[in-house]
Amino acid sequence: MTKNFENEPMMEVYIFETTQNLEQLEQVIICSEKNGGFSPDDVSEIFRFMHTIKGSSAMMLFNNIEKAAHAVEDIFYFIREQKPEGLDFSAVSDLVLECVDFIKEEICKITNENEADGDPGDLIDSFNLFLNELRRIFGDENPQSRGQQKKQQYYIPQEKKHHLSAAEVQADQEPGKGACYQVIIQYEDDCTMENIRAYTLVFGLAELVEEVYYLPADIAENPQTAAYIRENGFEIYFKTELCYEEIKAHFENIIYVEQLLFREIDEQRLDQFRQKIQEVKPRETFALPNKEFSQTDTPKPVIACSEDTQKNNTGAAQKMISVNVDKLDNLMNLVGELMITESMVTQCPEVEMIQSENFHKASIELHKITVELQDMVMAIRMVPLSTTFVKMNRIVRDMCKKLNREVVLDLYGEETEVDKNIIEHISDPLMHIIRNAIDHGIESETERLAKGKEKAGHIILEAKNVGSDVLIVIKDDGRGLDKARILEKARQNDLLTKPVEEMSDREIFKLVLLPGFSTKESITEFSGRGVGMDVVTKNLEEVGGTVLVDSEMDRGTTITLKIPLTLAIVEGMNIRVGKSRYTIPITTISESFRPDQKDCLMDPDNNEMVMIRGQCFPILRLHKHYQIKNAETDLTKGILIMVEQEEKVICVFADELLGQQQVVVKALPNYVNSMKKILGLAGCTLLPDGSISLIMDISGLTGLRVQ
Amino acid sequence: MIKEVAEELDQDDDQQGMYLTFELANEYYGLWIGYVTEIIGILPFTEVPELPAYVRGIFNLRGRIIPLMDLRLRFQKKFMEYDERSCVIVIDVEENTVGLIVDSVSEVITFSEADIIEQPMLSSGVSNQFIKSIGKVGNEVKLLLDCDKLLSNQEIEILMNEKDERYVDEMVL
């Protein structure tokens, strides 16, 4: 197996497309399984996906993937042709999903630049067994002649000879010196990238022949020719000294050829064709190396007729492009910097003195455009949650099968959009939560019936926008969390940080998210090891989100993930402490005020507190905490900002408020991060005047000083 | 002065044996030129809390945010107020970009291999642990720095631990 890494862009497209195809395939299978069988549409769709995967894998020389895909295709071919009654759908689905997993694994290897060396042998064996079984049960009316033979000509290129001999080979059989041939090739319907295939073909041919001309001529540069070839076939005229048999053999080895018209012609026709090409599309004519060929300069539209067909065929596909996320990140950074620079320019004191009305109009316009630009970039990065949600179907399906439970997963609001980076972080947590819900939450059938519940368990996965956050709610109707057992387990594992009496229900439930916590007595394949749920907290913390757990005995558990829409831009309040500036995310601020002396008190441990409307809140002096010099120390002269995160409230003491602003979050430099994780700092940002402000991480701060 | 050195930086492609020399508390040091990306005057910087004292803070270099290290403090020498001769040498070592504050930059010197003494036997002072080799120019010697060590955090942990204890005391308030 040769790898084609010099062909990076193609490889990238291959990986991307195959992954997408696999995902869609998975969905179709799970969907049809739900509907209790494959509809003819489903069958042909699955067939098509597998066929595409097979085709592109073969082209990229990943033979193992090709073989696996081929095996699946065989089965669906049988299903499509024979329409067997009473087929065991779930067995088929199992097989196909197994194959999907295999291909996914291989793709993963390829992505990591490893050899795709998985052996599909067993998989294919089981497929063949299954297919034979099918054949035996449902019988082929004329198994050998019809189905079998047709299959051969359709799939196995090497054996195309039967087919070809039947095709119109109207050649004069005398092998002559410098004989001319005409070949018209029709590729299989969905082999895709016809133009590239045609190009490879011509390139290979060039070594064998003296002159070669072909139509469409600009296959190498113009991808639209693929559509033309699909419609009209690919026409080649060439002159060679090789005999008929050799040339024919060459053409018979091409894969994915539906129809091949191959005949010998006299030299005149070759000349005619050459002239035709030169007249019609002289510029696009491709001159092969060491074959001189005139290139004139009359520009002519490229294959006019292809335009309409193309609209029909690829109209939808053309609207979407896939872009490397790194490029988007860069674009995002640039736009962020543009915004800062824009405000640096327009807020510059000298500029503000300018009296010209035109200038001010223009600068307002500039501001408007930059804001729009930023919104646009943000919108580009937003991805709907649907792909992540739909993946959960597969998990539910697999687990139900293994655990012999019936669980229905309902998805709501999957069209909710979230920043791409955030999506990557929540897919794992969702998986763990759902696994847990099925394994621990939903009771067995008998237990459910005894409790008077529906036989099938329900899990609701819902996403919705709330302000600048997105809430993802995972709700099951299982047995709920057992407070007593959680506490007992926590005590055993020494995970309790404060007296039980003081803990709220939510705090108790939250214990299950700690690493090493599992109330499940036995470890199953899916959960119980106590890893998993802590991934939920960890991943969410990384994106600045929070987890809330609610539960009611025998009514079910609800886990709510609260995640920010985006990581990159924060609405912040800038504050000053001494000479330093800090930015507090505005969403965490409840209020800010200047306290009266009489409201400031000390508790017995000498912690400063402030009393507002009859309630006491701890004070955190930033200047003291961060050892900032020359800062205001008198509480009544500075300002207190009350911030809240995860239901913890704290009052931050600063010198003054500087104003509210949208800031682009930047990470602290590597060097600083590698030195120490500074508690309470989430990153930094550039202020309009070019100075740097430090962005506060409120959950880090509230952890420091909470009752 | 800065300009001249910067020009010199641009001129030569073959950087082997080329060192940017600078002055620090009356001593002369050299930095391999491959690390140096630019030399600038002192820009306004923002202090970052909880870091060792020699990291003065971070500053904005055309949109890039770069930490600023005072080499005097790094070598545990006496702090000196920055003046118009003070410079920031921006270096790129692997993934880290750091600005080094020095008293003043001098010139770019090309050492032949014979002029560089590897693994000098130096007493184990704080600043000596960052010295990789010694370059001879006539009668003078320049201490050639080991940039990896300069940015490594090994001894930081010890420093930080001491600091943490101090914080704990203060946090109790």
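**Close-up views of a predicted two-chain model**

Chain A holds 24 helices and 22 strands; helices (H or I, at least four residues) and strands (E, at least two) are DSSP runs, numbered from the N terminus. The model is predicted, so local features need pLDDT of at least 70 and side-chain atom pairs count only at pLDDT 80 or more, while totals for chains, interfaces and linings use all residues. Residues are numbered from 1 along each chain as its sequence is written, chains are lettered from A and ligands numbered from 1 in the order in which they are written, and side-chain values use heavy atoms, with hydrogens and water left out.

**View 1. Chain A overall.** Of its 707 residues, 47% count as buried (under 20% relative accessible area; exposed is over 50%, partly exposed in between; 1.4 Å probe, protein chains only). Take the contacts in chain A between residues at least 6 apart in sequence: 70% join residues at least 24 apart. Contact means heavy atoms within 4.5 Å.

**View 2. Helix 2 against helix 3 in chain A.** Helix 2 of chain A spans residues 40–59, and helix 3 of chain A spans residues 63–82. They pack at an angle of about 155 degrees, with axes 8 Å apart. Helix 2 of chain A is therefore roughly antiparallel to helix 3 of chain A. Angles under 35 degrees count as roughly parallel, over 145 as roughly antiparallel, 65 to 115 as roughly perpendicular and the rest as oblique. Axes are lines fitted to C-alpha atoms, for helices over the stretch in contact, and angles run from 0 to 180 degrees between N-to-C directions. The crossing of the two helices is left-handed (the near helix is turned anticlockwise from the far one by less than a right angle; clockwise is right-handed). Helix 2 of chain A contributes residues including A:Val43, A:Phe47 and A:Met50. Among those it meets in helix 3 of chain A are A:Ala69, A:Phe76 and A:Tyr77. The contact residues divide into 12 nonpolar, 3 polar and 4 charged. Ala, Val, Leu, Ile, Met, Phe, Trp, Tyr, Cys and Pro count as nonpolar, Asp, Glu, Lys and Arg as charged, and the others, Gly among them, as polar.

**View 3. Strand 1 of chain A.** This strand covers residues 179–187; 7 of its 9 residues are buried, so it is largely enclosed by the rest of the structure. Strand 1 of chain A runs antiparallel to strand 3 (residues 234–240) of chain A, joined by 7 bridges. A:Ala179 has A:Thr240 as its bridge partner. Two strands pair if DSSP finds at least two bridges between them.

**View 4. A:Thr560 and its surroundings.** This residue sits in strand 11 (residues 556–564) of chain A. A:Thr560 is buried, at a relative accessible area of 13%. Leaving aside neighbours within four places in sequence, its contacts include A:Leu471, A:Val473 and A:Val547.

**View 5. An open sheet in chain B.** The strand order is 8-1-2-11-10-9, with mixed pairing across 6 strands. Strand 8 (104–110) and strand 9 (116–118) of chain B are the edges, each pairing on one side only. From one strand to the next, the twist averages 30 degrees. Strand 1 (residues 18–24) and strand 2 (residues 27–32) of chain B run antiparallel, joined by 6 bridges. B:Thr21 stands opposite B:Gly30.

**View 6. Two loop residues with positive phi.** A:Arg613 has a phi of about 45 degrees, though not a glycine. Its loop lies between strand 16 (608–612) and strand 17 (615–621) of chain A. A:Arg613 is exposed, with a relative accessible area of 67%. B:Glu50 has a positive phi near 70 degrees. Its loop lies between strand 3 (36–40) and strand 4 (55–61) of chain B. B:Glu50 is buried, with a relative accessible area of 7%.
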